[in-house]
Amino acid sequence: YIFWINILGRLFIDKYFSSAETYLEIGTGMGYLPFVIKSIKPNAKIVLVDLPEQLASAYYFLDQRFPNQVAPFSVIKENLSDKFIAQSDFSFFLVPSQHFSKYKISADVGIGTATFQEMNKETVISYMDQLNECIKLGCFIYGGDGLKSKSHNQIEYVNLPKLYMKHLSNFEKTFCVCVCVCVS
């Protein structure tokens, strides 16, 4: 996984989105990709969206590497806006997923790494629609080739690449890399 994150950062972020200054990552996990982005682009501003328990891990990981540059949600919840992000001394902005839709923020690049394959179809579509509204340059989405979720004791299969391409349509550059995930 870390190998793919490094490739993502070095190849796609640096090569295809070299002019990007702001990033939004859905499902940041422990924060390794924001770490890579900040290492490549020291002036980057990165909004991290995830479940609160994941954001706690990301806060700890990033604060150890970039002291005093991580804004916890308690600090930004009343102020989160494009202007606040641009003028802030913080580099990382932690937003719990349940609050993300409340803010009208924008970013140059939207990122999702494997997170969407863990969500149901309606949640994925909701995030895709939000990304279409707030991303300026494009998206990089990495995930499995299908979404499996239990619904009424049945497994639902959703074709993620098709879903991504249908709902991520408002910008010039969108990269959807999907790998086959086999579970036995």
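This is a predicted model: local features need pLDDT of at least 70, side-chain atom pairs count only at pLDDT 80 or more; totals for chains, interfaces and linings use all residues.
Of the 184 residues of the protein chain, 49% count as buried, where buried denotes under 20% relative accessible area, exposed over 50% and partly exposed the range in between, computed with a 1.4 Å probe on protein chains only. Residues are numbered from 1 along each chain as its sequence is written, and side-chain values use heavy atoms, with hydrogens and water left out.

The secondary structure of the protein chain comprises eight helices and nine strands; these are DSSP runs, with helices (H or I) of at least four residues and strands (E) of at least two, numbered from the N terminus. Contacts are defined by heavy atoms within 4.5 Å. Among contacts in the protein chain with a separation of 6 or more, 70% come from residues 24 or more positions apart.

Strand β1 covers residues 22-26, and because five of its five residues are buried, β1 is largely enclosed by the rest of the structure. In a regular strand, side chains alternate between the two faces of the sheet. In β1, Thr22, Leu24 and Ile26 point one way, and Tyr23 and Glu25 point the other way, with all of them buried. Strand β1 runs parallel to strand β2 (residues 45-50), to which five bridges join it; two strands are taken to pair if DSSP finds at least two bridges between them. Within this pairing, Glu25 stands opposite Leu48, and the bridge partner of Ile26 in β2 is Val49. Between β1 and β2 the chain passes through helix α2 (residues 32-40), giving a right-handed β-α-β crossover. Right-handed here denotes a clockwise path from the first strand over the helix to the second, with the strands pointing away from the viewer.

Strand β2 is also mostly covered, six of its six residues being buried. Lys45, Val47 and Val49 lie on one side of β2, and Ile46, Leu48 and Asp50 on the other; all are buried, leaving both faces covered. Strand β2 also pairs with strand β4 (residues 92-96), in the parallel sense and over five bridges. In this second pairing, Leu48 stands opposite Leu94 of β4.

Thr22, located in β1, counts as buried because its relative accessibility is 18%. A polar atom of the Thr22 side chain lies 2.8 Å from the backbone nitrogen of Asp108. When residues up to four places away in sequence are not counted, Thr22 touches Lys45, Ser106, Ala107, Asp108 and Val109.

The structure holds eight aromatic pairs, for which ring centres of Phe, Tyr and Trp (its six-membered ring) must lie within 6.5 Å, with planes under 30 degrees apart classed as stacked, over 60 as edge-to-face and the rest as tilted. One of these, Phe35 with Phe66, is tilted, at 6.0 Å centre to centre and 55° between the planes. This pair links distant parts of the chain, Phe35 in helix α2 and Phe66 in the loop between α3 and β3, 31 residues apart. Phe35 is partly exposed, with a relative accessible area of 22%, whereas Phe66 is buried at 13%. The rings of Phe73 and Tyr103 have centres 6.4 Å apart and planes at 80°, so this pair is edge-to-face. Phe73 belongs to helix α4 (residues 73-76) and Tyr103 to the loop between α6 (97-100) and β5 (107-113), so that distant parts of the chain, 30 residues apart, are linked by the pair. Both Phe73 and Tyr103 are buried. Ring pairs also link Tyr32, Phe35, Phe61, Phe66 and Phe92 into a cluster.

Asn68 lies in the loop between α3 (52-65) and β3 (70-71). Its phi is near 65°, a positive value in a residue other than glycine. With 66% relative accessibility, Asn68 counts as exposed.

Helix α7 (residues 121-134) has 14 residues and, at 1.5 Å a residue, should span 20 Å; its end C-alpha atoms are 20 Å apart, in agreement with this value. The expected span is 1.5 Å times one less than the number of residues. The buried residues in α7 include Val124, Tyr127, Met128, Gln130, Leu131, Asn132 and Cys134.

Note on methods
A polar contact is a pair of N or O atoms within 3.5 Å; within protein, one must be able to donate a hydrogen and the other to accept it, and residues adjacent in sequence count only if both atoms are side-chain atoms.
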